[in-house]
Amino acid sequence: MEQFKYNNLILYKDNSVWGDGTHCTTIGCTELLKKLDLKNKKVLDIGTGTGVQSIMAKKLGAEEVLAIDINPGAIGLGEYNAKINNVNIDFKLILEDEKINYKADVVVANLSPHILIKYLYNIHDYMNPGCKIITSMTNEFNMMVEINNSKCGLKIVDKYVGDTYSVFLLEEE
């Protein structure tokens, strides 16, 4: 395992888990999380990887965080990273098409495009009223995000644009 620091967090990663803090989607998700008032909020992190967004949400005041992933290595590494950063997060290993029974005030989904689109169609299943969604997409697919969001009843309210990826803050229309 390799140790790295990101936004005052100490994190570990390995080659089987995404999320080292240097990718523009991680940076963008963090920047948009910082703009939200997370006090007393429930956060769902879909595809948690190293747990960086979950840990950041908890450090920013989230009351409860559920971090899910299909990779058992991500769950173990996320739990370890949460422990060394002194935050309490519920990590859950799920099957690829498994639905979970959880409603959040903020959903973070820093996923690959084909997985993201699948989740967007069911995102309302995980949303409390007024829920905010933070998600990313390669710049070449930005229009696809806008089209799919409108089909899902979501609108873009803020975004972070990187060299090759953009991160979006969405809410219900």
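This is a predicted model: local features need pLDDT of at least 70, side-chain atom pairs count only at pLDDT 80 or more; totals for chains, interfaces and linings use all residues.
Let me begin with helix H2, which spans residues 52–59 and is mostly covered, with 6 of its 8 residues buried, where buried means under 20% relative accessible area, exposed means over 50%, and partly exposed lies in between, using a 1.4 Å probe and protein chains only. The buried residues of H2 are Val-52, Gln-53, Ser-54, Ile-55, Met-56 and Ala-57, and the helix is followed by Gly-61, whose phi is positive, near 110°. Helices (H or I, at least four residues) and strands (E, at least two) are DSSP runs, numbered from the N terminus.

Residues are numbered from 1 along each chain as its sequence is written, and side-chain values use heavy atoms, leaving out hydrogens and water.

Turning to salt bridges, meaning a side-chain nitrogen of Lys or Arg within 4 Å of a carboxyl oxygen of Asp or Glu, the count comes to 6. One of them joins the side chains of Lys-42 and Glu-64, at 4.0 Å from N to O; because Lys-42 lies in strand S3 and Glu-64 in strand S4, this pair ties together parts that are 22 residues apart in sequence.

Another salt bridge joins Lys-155 to Glu-171, with the closest N and O atoms 3.7 Å apart, and since Lys-155 lies in strand S8 and Glu-171 in strand S9, that pair ties together parts 16 residues apart in sequence. Salt bridges that share partners join Lys-132, Lys-155 and Glu-171 into one network.
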